[in-house]
Amino acid sequence: MTLDEATVEALAARLLAAERERKPITKITDEHPHLDYDDAYAIQNRIRAHKLAAGETIAGLKAGLTSKAKMKQMNVAEPVFGFMTDRGAWPDGGAIERDRYIAPRIEAEIALVTKRDLAGPGCHLAEVLAAIDFVLPAVEVLDSRYENFRFDMVSVVADNTSAAGFVTGGRPRRLREVDLPTLGLVVEKNGQVVEVGAGAAVLGHPAESIVMLANNLARRGEHIPAGSFIMTGGITAAVAVDRGDAITVRFQDLGNLSLRFA
Ligand code: OOG
Ligand code: MG
C-alpha cells in the first residue's frame with residue numbers, strides 16, 4: 001500500500017465522476033507510478049462503498065483478463081477482479097442506452113452461480129465445481145473510465161475492471177449437462193460473425209476464474225457468498241459497439257443472448 005486514505009478517496013471520486021459525467025480520465029498510474037494492487041483494490045472498494053451508499057446493490061462478481069485473447073488485446077498479463085451492480089443489468093433482447101457509456105465494448109462470457117460459500121486461501125477447482133449451482137450465458141458491457149481503454153493492471157483494477165453492464169438469461173444448465181472447456185460460442189455484430197471461441201480460452205476451464213477470485217478475495221479478507229452470480233471473463237477479444245449496433249451471441253447448449261445499442 002503506497003497511498004493514504006485521503007488519496008484513495010480522491011482517486012475513487014475521480015473515477016466515479018468520470019463514469020457519471022462520461023468524461024474519461026488518464027490512467028491514474030501516470031500521477032501515481034508506484035500504485036500497487038492493494039492501493040488499486042482499496043480504490044475499487046471505495047467505489048463499491050459509494051455505489052452501495054447511493055442505493056445500488058451488488059449483482060455479481062467478475063474475473064477479467066482471463067483469456068489470452070483479452071490479455072493480448074489489452075496488453076496486460078494477469079487476471080483482475082471486480083463487481084457488478086444492479087444498475088448495469090440489461091434485459092436479454094432489449095435495448096441498451098448507448099449514452100450511458102463513454103466507449104462501450106461487449107464480450108461473451110460463461111457465468112456461473114454458486115450454491116455454497118467459497119473462501120480462500122487454498123481454494124481449488126474441485127471445491128469450486130462442487131459449489132456450482134448452474135451455468136448460464138452472459139454478455140458483459142465494458143466501458144473504461146480511461147481515455148481509449150488505455151490502462152495498466154493496477155489502473156484497471158482501481159476502475160473496477162471496466163465493469164459497466166451485463167446481459168444474462170439464455171438457457172441455464174446444470175454443470176453435468178455441459179462441458180465447459182469445449183462449450184463453443186459465436187459473436188455476431190449486425191449479422192456478421194466477428195468472434196468465435198470456446199470455454200477453454202478462459203484459463204483452460206472457466207471455473208478456474210472462480211478459484212482465482214476466491215483466493216484473491218481471501219487476501220482482502222472477503223469470500224464468495226453462496227448464491228453469487230460470477231462472470232468468468234471474456235472468451236474472445238471485446239467488440240466495440242455504438243448506437244444502432246445489434247449483437248447476438250450464440251452459445252452451444254446455453255441458448256442465445258441478444259442486445260442492441262439505442
Ligand atoms: C478490462 C476488463 C476485462 C474480461 O472479461 O476480460 C474483462 C478491459 O478489458 O477493459 O472484463
Ligand atoms: Mg469481462
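Me: Which elements each supply at least two residues of the shell around ligand 1?
Reply: They are β1 (58-64), α3 (68-74), β5 (105-114) and β6 (132-142). Strands and helices are DSSP runs numbered from the N terminus (helices H or I, at least four residues; strands E, at least two). β1 supplies the largest share, three residues. This is a predicted model, in which local features need pLDDT of at least 70, side-chain atom pairs count only at pLDDT 80 or more, and totals for chains, interfaces and linings use all residues. Residues are numbered from 1 along each chain as its sequence is written, chains are lettered from A and ligands numbered from 1 in the order written, and side-chain values use heavy atoms, leaving out hydrogens and water.

Me: Which residues come nearest to ligand 1?
Reply: Leu65, Lys70, Glu107, Ser162 and Gly234 do, out of 17 residues around ligand 1. A residue is near a molecule if one of its heavy atoms lies within 4 Å of it.

Me: What makes the pair between Glu107 and ligand 1 a polar contact?
Reply: The term needs a pair of N or O atoms within 3.5 Å. A polar side-chain atom of Glu107 lies 2.6 Å from an oxygen atom of ligand 1, so the pair meets the cut-off. For Glu140, a polar side-chain atom is 3.0 Å from a ligand 1 oxygen. With Gly234 a polar backbone atom takes part, 2.7 Å from an oxygen of ligand 1.

Me: How much of ligand 1 does the protein bury?
Reply: Taken alone, ligand 1 exposes 320 Å², and the protein buries 100% of that. These areas come from the Shrake-Rupley method with a 1.4 Å probe.

Me: Why is the space taken by ligand 1 called a cavity?
Reply: On a 1 Å grid over the protein atoms alone, a cavity is a set of points where a 1.4 Å probe fits but cannot get out. The space taken by ligand 1 is the largest cavity, and it holds about 120 Å³.

Me: Which residues line the largest cavity nearest its centre?
Reply: Lys62, Leu65, Lys70, Leu142 and Thr161 do, among 18 lining residues. A lining residue has an atom within 4 Å of a point.

Me: How many cavities of 30 Å³ or more does a search of the whole structure find?
Reply: The search finds two.

Methods:
A polar contact is a pair of N or O atoms within 3.5 Å; within protein, one must be able to donate a hydrogen and the other to accept it, and residues adjacent in sequence count only if both atoms are side-chain atoms. On a 1 Å grid over the protein atoms alone, a cavity is a set of points where a 1.4 Å probe fits but cannot get out, and a pocket is an open set with protein on both sides within 12 Å along at least five of seven lines; lining residues have an atom within 4 Å of a point. A molecule sits in a cavity or pocket if more than half of its atoms lie within 2 Å of its grid points. Grid points are joined across faces, edges and corners, and a volume is the space filled by probe spheres set on the points.
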